[in-house]
Amino acid sequence: MRPVNRDTDTAKHPNLAGRDAGAEMLTDFSHVLVVGKSPINRVVVSKIVEKSGLKPISESPETAARALRCRIPGAVVLDGGADNKDCDALMSGIDALRRTSGRSLPSVILLSTKNGTPESLGLSSVVDAVVAKPITTERLQPVIDRLIGLGRG
């Protein structure tokens with residue numbers, strides 16, 4: 001017996017858009033995908049996202065790829081964990097979305113135990129900004145607001 005696919009989000013799948021529809025039209029700037037292994041960190045980041053007037057979508061690294069197939073958020077916040085590699089499996093999927101859109105969407109923020117720029121930390125070119133831990137509203141919210149604003153503009 002095969003399970004029935006009851007996924008109601010398939011209509012929002014980027015591949016179902018017409019060929020002439022630009023991917024930027026499919027980007028939902030009101031949503032931010034929050035990805036991390038720690039449920040506690042995801043809750044903290046989600047609360048900060050809500051303070052920006054945005055809607056967080058909280059996922060583990062294992063389930064985040066499915067969320068990206070259903071909706072293209074305005075930004076993705078990745079909790080890199082102790083070695084900045086907890087969410088590496090998502091980088092190729094995010095890179096593919098960006099190539100499809102022809103723009104750097106969705107914007108990507110990496111929460112890191114190290115301070116620096118994506119280049120100085122040797123991170124993927126997909127990462128737009130690094131926010132050093134501990135995660136605070138004062139550090140993260142301005143970065144989210146700036147990248148969402150750039151994406152909309």
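The following legends describe close-up views of a predicted model.

Local features are described only where pLDDT is at least 70 and side-chain atom pairs only at pLDDT 80 or more, whereas totals for chains, interfaces and linings use all residues. Residues are numbered from 1 along each chain as its sequence is written, and side-chain values use heavy atoms, with hydrogens and water left out.

**Figure 1. Overall arrangement of helices and strands.** The protein has 5 helices and 5 strands. Helices (H or I, at least four residues) and strands (E, at least two) are DSSP runs, numbered from the N terminus. Starting at that terminus, the elements follow the order α-β-α-β-α-β-α-β-β-α. Of the 153 residues in the protein, 44% are buried, a term that stands for under 20% relative accessible area, with exposed for over 50% and partly exposed in between (1.4 Å probe, protein chains only).

**Figure 2. The open sheet.** Five strands form an open sheet with parallel pairing, in the order S2-S1-S3-S4-S5. Strand S2 (55-59) and strand S5 (129-132) are the edge strands, each pairing on one side only. Neighbouring strands of the sheet are turned by 25° against each other on average, direction ignored. Two strands pair if DSSP finds at least two bridges between them; strand S4 (residues 107-112) and S5 run parallel and are joined by 4 bridges. Isoleucine 109 has alanine 129 in S5 as its bridge partner.

**Figure 3. Helix H4 against the sheet.** Helix H4 (residues 91-101) lies across strand S3 (72-79) and S4, and runs at about 155° to S3. Axes are lines fitted to C-alpha atoms, for helices over the stretch in contact, and angles run from 0 to 180 degrees between N-to-C directions. Contact means heavy atoms within 4.5 Å.

Figure 4. Histidine 31 is placed in strand S1 (residues 27-35). Is this residue, histidine 31, buried or exposed? Histidine 31 counts as buried because its relative accessibility is 10%. Apart from neighbours within four places in sequence, histidine 31 is in contact with Lys55, Ile57, Arg71, Pro73, Gly74 and Ala75.

**Figure 5. The lining of the second largest pocket.** Residues that line the second largest pocket include Asp83, Lys85, Met91, Leu110, Gly122 and Val127. A pocket is an open set of points on a 1 Å grid over the protein atoms alone, where a 1.4 Å probe fits, with protein on both sides within 12 Å along at least five of seven lines; lining residues have an atom within 4 Å of a point.
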